[in-house]
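Open the model in your viewer and keep the selection panel at hand. The stops below say what to select next and what is there.

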Amino acid sequence: MPQSAEKTKDHVSLFKEPEYTEMFAAKKAQFECRPTDEAVAAQAEYTKTWDYREKNFARTKAVINPAKACQPLGAVFAAAGFEETMPYVHGSQGCVAYFRSHLARHFKEAAACVSDSMTEDAAVFGGQANLVEGLQNTHALYKPKMIAVSTTCMAEVIGDDLSAFIGTAKEKESVPADFPVPFAHTPSFVGSHTTGYDNMIKGILNYFWDREKGELKAGKINGKINIIPGFDGYAVANNREIKRYLDTMGVDYTFLSDVSDVYDTPSDGTYRMYDGGTKLDDARDAINAKATIALQQYCSDKSLEYIGAKGQPTTAFHYPMGVGGTDALLMKISELSGKPIPDSIEKERGRLVDAMADSQAYLHGKKVAVFGDPDFVHGMAAFLLEMGCEPTHCLSTNGGKDWATKMEALFATSQFGANCKAWAGKDLWHMRSLLFTEPTDLLIGSSYGKYLEKDTGIPLIRLTFPIFDRHHHHRFPTLGYQGALRVLVEILDRIFEMTDAASDISFDLTR
Amino acid sequence: MSLDYTNDTAAAEALIKEVLDQYPEKSGKRRARHLGVAKPTEEEGATSCGVKSNIKSIPGVMTIRGCAYAGSKGVVWGPVKDMLHISHGPVGCGQYSWSQRRNYFNGTVGIDSFVTMQVTSDFQERDIVFGGDKNLDIMIDELDGLFPLNKGISIQSECPIGLIGDDIEAVAKKKHKETGKTIVPVRCEGFRGVSQSLGHHIANDAIRDWVFDKGTPEFESTPYDVNLIADYNIGGDAWPSRKLLEEMGLRVIGMWSGDATLAEMARAPKAKLNLIHCYRSMNYICRHMEEKYGISWVEYNFFGPTQIAASLRKIAAQFDETIQANAEKVIAKHQGLVDAVVAKYKARLDGKTVMLYVGGLRPRHVTNAYEDLGMRIVGTGYEFGHNDDYQRTGHYVKEGTLIYDDATGYELEKFIERIRPDLVGSGIKEKYATQKMGVPFRQMHSWDYSGPYHGYDGFAIFARDMDMAINSPVWDKFKAPWKAA
């Protein structure tokens, strides 16, 4: 008998016991009607070929293992970053179960969000009654300071009008007339979660700046700088790291959506449904800031356009990682605020460069495949080039032509970019073909990359959302010089582990 | 090994009132029908859990429920391993459900098995405007070309499909003609019904309409042929179950749908008996097979030794004396393991209280497994149960047990805060809020990435996991020492 109370075997080892392997073999032989082992082996080999790659890249409709999610996920994430705000999704309820699970699995935190549970009758008559009732219930039960409404594709297909519905709900006293209910239409069939993030940030600003008290214009400058971090699985640590720099420099700032506390609450006996986040008054006052900086342009295009139209200067980065990325961000902050970059930060920079110099021989010429959101891939590739690595295959399912052009321009800045290519709109089944036909030394992406690692044997480094199968990575930053140092160490560790694993004679004690 | 205890009815009733008082009046009235306390009945050992169920969730209250798509693609169809399952519509549904149910299987991913892949038509605005049928047609050809060893393709409808009037059935028929493969259109749009539950039903109907009687592989029957129905092989659950059935001399000709192939589904009507694990999600197809092919069905429960032994005997009773004798042998063979597990863990778990809030069958089926370890169930409820689930629950829970149907986030938080059980068993959405309160938690959908929990092999793991959750040293660290009273 394979099982015992003393040495309890679970799924990791139990099914390797002969009682099970023999059972699997019998099931397969007698009942499954599977293809022959030869046919399976032949097809597996065929999928590694250039011929299969061409066939794979010729598809125009089938999407297989994409690395992107849909708009309302981003909207929920953005809304959660405001003070005591309940994200509210108008439409089918299953979507909300998915968003909450998805965020909880990554952050290892509860993700509060409500749905107004539209069903068949709402599909016929529209969802106004659901919204009127839903806002009232959410307000009574969860006592938020703001309810931020986004939509599922069901509500979008039937054409529900959020502005009118929310107006009706307020007339019917679901919530007080002055209670903030910003909204964003977030159809899942347009863009991705990054688009939804952008739409919700814009929706919230639009509420405070144009709807709450009529159309506002920027008033007396409050001296602050607004930061829009964008959809970032590492936001918990990265937002704190950026704030540390701003505090060190003495720059006054407002983060527009800051999930660092709500997705990283302490265990002390109390469940906090809300914690931290952008103060609503700070969001109101953000119209009077000196400038707005977006850390991820593809998460912020429409928001920046809106802010710009209010007369405020804006600037955007592509997830500024590494030495150059951090340099550029700090210099921009310095330029906008008039505050110099202090020696203490310059020393941090020096320590990062020191570490890169110490380890450069192990990084030089390493080929790396990268996938993720367009800003992440850009920032990651830029840092890889700084380390002397070659970001050979850069793939973004939600990246467009504009992104690909920017990536090509980035490659052109370095000799290490000579053999690199950007793959816009492609998925991880495409990546599989790329890795089999033109293998790299490493793969950088999210947990979804683990299937590629298993198939191709190329080690995966998890550095972007979602990370489900490793714990707590997101609690440490990837941005700033400290974040870059941590990313550097993760890459080096994998390289050293690979070297040790492949070594026999050269199993050196010192490397 | 049945434990004898009752819970505090008056306290449970007071708690329900306290929670309902927080709702706006109309919503409070609606929620009141879903909350109750198990009452004694005339039948010995049974209680009555008479709450309303399978009714629309109230808007804005934070229901835990999912949708019909989750019930069809996520539960019933997704695990069928040698078919490609298209999440037909926008990208999100397939993305969030990608590899999230731990339906274990043997096979080569992307070659002859496709369970851990996310295949989607990734609808864009033009698909909403012009319809998605043409692209679906092209997509099926592309998939068949890239994955030629697939045995079939299912089309799992997301919300827009039914709203824009696509005719996926026509596409399925056309593609079946062209490719010769089984193509199954499933109308599981997320807005249909009130929860996952209708998705199960629709998925069952799709098996009936698009798989059965379409030609089965050659097959020689024996008098001992059974189907193992509605075990999704979470963490490998169905395998220790299958092992027990085979040990008692039965032949499992089809396993649904964990580790299933299309052939195992198509062949099912040839069985002598259907053994159903998750009643909620597949009773429909069992009833159909009973009506059409005269196959009777038996519900069983392989959680914990008390229920395993009872179920093995119940199943054996459907067959001859040889099988019945074999069942006794199987039970006897495992008694040593059971005794060792109970000896090891009961002292550590005796008298500990448990609240459950799960889906399908687990809110009742796991209760005796806890009781086998000396633990007590103080509250339980279903996300998407029906009346017949609550009727069955009465045979499991004791008087005074708090019963909650389609509980909201607010209700669960308050119930847990007030009752402060020693363990909560629920899902990922509930896990972290519960743990923050200092209450130990196990995910009882995914087994918290452990398992299997079924059968005797699984019981040892179940006991180990409950012990490690409850007796972890971390719960003592919540209060900073300078604040400890």
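Buried here means under 20% relative accessible area, exposed over 50%, and partly exposed in between (1.4 Å probe, protein chains only). Helices (H or I, at least four residues) and strands (E, at least two) are DSSP runs, numbered from the N terminus. This is a predicted model, in which local features need pLDDT of at least 70, side-chain atom pairs count only at pLDDT 80 or more, and totals for chains, interfaces and linings use all residues. Residues are numbered from 1 along each chain as its sequence is written, chains are lettered from A and ligands numbered from 1 in the order in which they are written, and side-chain values use heavy atoms, with hydrogens and water left out.

**Stop 1: a helix in chain A**

Select residues 374-386 of chain A, which are helix α16. Its 13 residues reach 19 Å from first C-alpha to last, close to the 18 Å expected at 1.5 Å a residue (the expected span is 1.5 Å times one less than the number of residues). How many of the 13 residues of α16(A) are buried? Eleven are, so the helix is mostly covered. Among them are P374(A), D375(A), F376(A), H378(A) and M380(A). Just after α16(A), look at G388(A), which takes a positive phi of about 85°.

**Stop 2: the sheet in chain A**

Show the four strands β6-β5-β7-β8 of chain A, which form an open sheet in that order with parallel pairing (two strands pair if DSSP finds at least two bridges between them). The edge strands, each pairing on one side only, are β6 (253-255) and β8 (314-316) of chain A. Neighbouring strands of this sheet are turned by 20° against each other on average, direction ignored (axes are lines fitted to C-alpha atoms, for helices over the stretch in contact, and angles run from 0 to 180 degrees between N-to-C directions).

Strand β7 (291-294) of chain A runs parallel to β8(A) and is joined to it by three bridges. A294(A) has A316(A) as its bridge partner in β8(A).

Contact means heavy atoms within 4.5 Å. Helix α13 (301-309) of chain A also packs on the sheet, touching β5, β7 and β8 of chain A, at about 160° to the direction of β8(A).

**Stop 3**

Select K224(A), in the loop between α10 (193-211) and β5 of chain A. Is K224(A) buried or exposed? K224(A) is buried, with a relative accessible area of 14%. Leaving aside neighbours within four places in sequence, its contacts include D252(A), Y253(A), D282(A) and D285(A).

**Stop 4: a helix pair in chain A**

Select α3 (50-58) and α18 (428-437) of chain A, which pack at about 155° with their axes 9 Å apart. That angle makes α3(A) roughly antiparallel to α18(A) (under 35 degrees counts as roughly parallel, over 145 as roughly antiparallel, 65 to 115 as roughly perpendicular and the rest as oblique).

**Stop 5: a covered strand in chain B**

Select β6 (152-157) of chain B, where six of six residues are buried. G152(B), S154(B) and Q156(B) lie on one side, and I153(B), I155(B) and S157(B) on the other. Strand β4 (83-88) of chain B pairs with β6(B) in the parallel sense over six bridges, and β7 (182-186) of chain B runs parallel to β6(B), joined by five bridges. End on Q156(B): S87(B) stands opposite, and V186(B) is the bridge partner in β7(B).
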